[in-house]
Amino acid sequence: MVAWAADYPPVPVDMTPIQVSQHAYYVRGATGIATDNYGFISNAAFIVTDEGVVLYDTLGTPALGAGLFAAIRSVTDAPIKTIYISHYHADHMYGAQAFSASGAEIVASDGARLYLEGEVAGQRLQERRQSLSPWVNDDTHIVEPDRYLQGEERFTLGGVRMRVLDLGSAHSEGDLILFVENDAVLFSGDIVFQERIPFLGSSSSAEWLEVLNEMARMDVVAIVPGHGPAAESPREIVSLTREYLSFVRAAMQQAVEEWVPFDEAYAATDWGDFIEYPAFLETNRRNAYGIYLSLEQESLESR
């Protein structure tokens, strides 16, 4: 199983697994934008049981996926049974290609169909073949799920109880979160960002906020986000993402209600402490414009 790792260009990053509970581990990407740190800017997590491994996300290049496989093997030789993809954004799923020989079933939210059937998937892959070459190249392809999930599923593997929830459209067209019940550890994917400005993309900010409010009330001992370090306090870890989304929505809502053009509204907004966070310059304006357009559309439909 290790031999195929040599098929991918080496990636000089530290991918030492971090243990957060008896069964749960994750590897932590660097804080930054998509092409920083050789593309290793997101997290992936795995649950180790006596009967096998459940993997949550596969990172942003096949080479990083091969590194993730090696990281898992540094902890256990148990077979990888299932791979849950939190959402079909490039930095979380291009690594699935490196697990093709594992025999694991790949599962994604039913909403991932929208991404895979749209134009963005191919456009993003072409862009990453340029911006992340040679780690994303002509041999890189998107691995589609073996199965799509709607709603919720519960299962037990090696005595470890797990629960997977399809949140529908929040951060992306379809988001999955995974809860390790024995350990009270939640893998949130990009529903939660730590130490950097969230990327909104095609998200529904209103639905995203509802999910965050529910997540803050969950009885967990640790949350592993899609980006940034794990945290023990649900309220603490959701605070940045929730405060940011709420602030942008309020600022753009006022602009839409007062018929203020976006450029003028954006320039007049005091972005305060958010300016200091990584990825602000790269993502904030696009985030605000996306919310402005969605609120404008909501306003027109309500008339």
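Modeller: What follows is a walk through the salt bridges, pair by pair. Keep in mind that the model is predicted. The structure holds eleven salt bridges.

Start with Asp 263 and Arg 285. Their side chains meet in a salt bridge, at 2.6 Å from N to O. The pair links distant parts of the chain. Asp 263 sits in helix H7 (residues 262-268), Arg 285 in helix H8 (residues 280-302), and 22 residues separate the two. Asp 263 counts as exposed, because its relative accessibility of 52% is over the 50% cut-off. Arg 285 is partly exposed, at 38%.

Next, Glu 127 and Arg 128. These two form a salt bridge, with the closest N and O atoms 2.9 Å apart. Arg 128 is buried, because its relative accessible area of 9% is under the 20% cut-off. Glu 127 is partly exposed, at 29%.

Now Glu 153 and Arg 147. Here too a salt bridge forms, and the closest N and O atoms are 2.9 Å apart. Arg 147 is partly exposed, at 27% relative accessibility. Arg 147 also belongs to a strand, S7 (147-149). Strand S7 is an edge strand and pairs on one side only. The sheet is open, with seven strands in the order S1-S2-S3-S4-S5-S6-S7 and mixed pairing.

Last, a network. Salt bridges link Glu 152, Arg 154, Arg 161, Arg 163 and Glu 181.

Conventions
Residues are numbered from 1 along each chain as its sequence is written. This is a predicted model: local features need pLDDT of at least 70, side-chain atom pairs count only at pLDDT 80 or more; totals for chains, interfaces and linings use all residues. Side-chain values use heavy atoms; hydrogens and water are left out. Two strands pair if DSSP finds at least two bridges between them. Helices (H or I, at least four residues) and strands (E, at least two) are DSSP runs, numbered from the N terminus. A salt bridge is a side-chain nitrogen of Lys or Arg within 4 Å of a carboxyl oxygen of Asp or Glu. Buried means under 20% relative accessible area, exposed over 50%, partly exposed in between (1.4 Å probe, protein chains only).
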